[in-house]
Structure formats: structure tokens, C-alpha cells
Amino acid sequence: MRWFWVDRFSEFVSGSHATAAKAVTLSEDHLHDHFVGHPIMPNSLVTEGIAQTGGLLVSEHYGFSELVVLGKIAKSKFHSVVRPGETITYRTKIEAAREDGAVVSATGHVGDRLHAEAQLAFARMGAGSDNMFGRELFTAEHLLHWLTIVGVFEVGVRQDGTPLKAADYEPFSAALA
């Protein structure tokens, strides 16, 4: 089973930055155990939401053509707690992108309140069965489906302002045919 910690993108600029949101609700099972009687969103899951937001931004920068994984959390700091009924807004920015991966800075806000700060490093692992795992973690169809659900192609633009289109990415050509 895969867990998704991003509900919706509100901004996505290719190779630059992205903003996404996650609504925290009592219908999420993990909140009933963390902590009983005082549910809060675990900071590890906030970090995962930041990583998913930044990871998709990095993956798009490389044309969704290969596996991109979180390689390192270089820095993370948390300032408060997130409770059910609140929405976390993740803001990520590519600070550096090279052939072997990228560095992303990120914040998580609840309203105007800064909740989290992080710096993450992502590594490029190769395409399809040629990556170090010997298999795809997502099929192109499943990745395209998720990107569509979270609104990447609704709000996504290139740096010149032209809209991102799924058809512009080679891995999605078979899924769209």
C-alpha cells in the first residue's frame, strides 16, 4: 500500500518551486494512536509530505523519466504541532539540480504559523528495471493518475508560463494512447 501525504497542489513551476496542501482529519487512522486523547500529525509524516511535494517537483524537472528518491534529510526543524482540522501547506523550492540529483528547501505552514523547515536531497536512481531496485516503484499509469488527482496538470506551468501537459512527458505517452 502506498501512502500519499499531499492532497492538492496549488502551485507548480517546473524546475523552480511548488506549493501543496494536506488536510489533517480525524478519519486518518494514525491520529488515533498518536497520541490517544490528544491527536497530532506526527512530524515524520509532515516530513514525508514535504518529501513528496519536493520529490514530484524534482521528478518533473527530470521529465518523470526515472526514479527519484529521498536520499538525505540535511536539516529539519519543527516549531509547533498540527492537529486534526488544520491544513498543512508545503512550500518547496529547488535550490540546486545536478546530473545525480537535486537539493530542495521546504517549509510547512499551518495558516500563517511556520510549523516545519527542511532541506532535502534527492537522488536519481535510473529508469524502469535499470534502476538499483530492478523494478519500477510506480507504473507510468499510476503516477499519471496520482499527478492528475493532486492537480499538477491543472496548476503546473513551465518557467515561461506555458501550462504543463501530461502528453509532453515521454513516460506518459503509452498511458495516454
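**Basis.** I worked from a predicted model, in which local features need pLDDT of at least 70 and side-chain atom pairs count only at pLDDT 80 or more, while totals for chains, interfaces and linings use all residues. Residues are numbered from 1 along each chain as its sequence is written, and side-chain values use heavy atoms, with hydrogens and water left out.

**Fold.** I looked up the secondary structure, taking helices (H or I, at least four residues) and strands (E, at least two) as DSSP runs numbered from the N terminus, and found four helices and seven strands in the protein chain. Their order from the N terminus is β-β-α-β-β-β-β-α-α-β-α. The radius of gyration, taken over C-alpha atoms, is 16 Å, close to the 16 Å of the globule rule for 177 residues, so the protein chain is as compact as a globular protein of that length; that rule is 2.2 Å times the number of residues to the power 0.38. Along the principal axes, the C-alpha atoms fill a box of roughly 50 × 30 × 30 Å. I also checked contacts (heavy atoms within 4.5 Å): of those with a separation of 6 or more, 65% join residues 24 or more positions apart.

Not counting residues up to four places away in sequence, F172 touches F64, A140, L143, L144, L147, F153 and A166.

**Backbone.** Most residues other than glycine have a negative phi, and most peptide bonds are trans. Against that background I recorded F64, which has a positive phi of about 50° although it is not a glycine. F64 sits in the loop between α1 and β3 (67–78) and is buried, with a relative accessible area of 5%; F64 is also one of the residues that F172 touches. My other entry is the peptide bond from H34 to F35, which is cis, with omega near 0°, and F35 lies in the loop between β2 (17–23) and α1 (43–61).

Conventions. Buried < 20%, exposed > 50% of the residue type's maximum accessible area, 1.4 Å probe, protein only.
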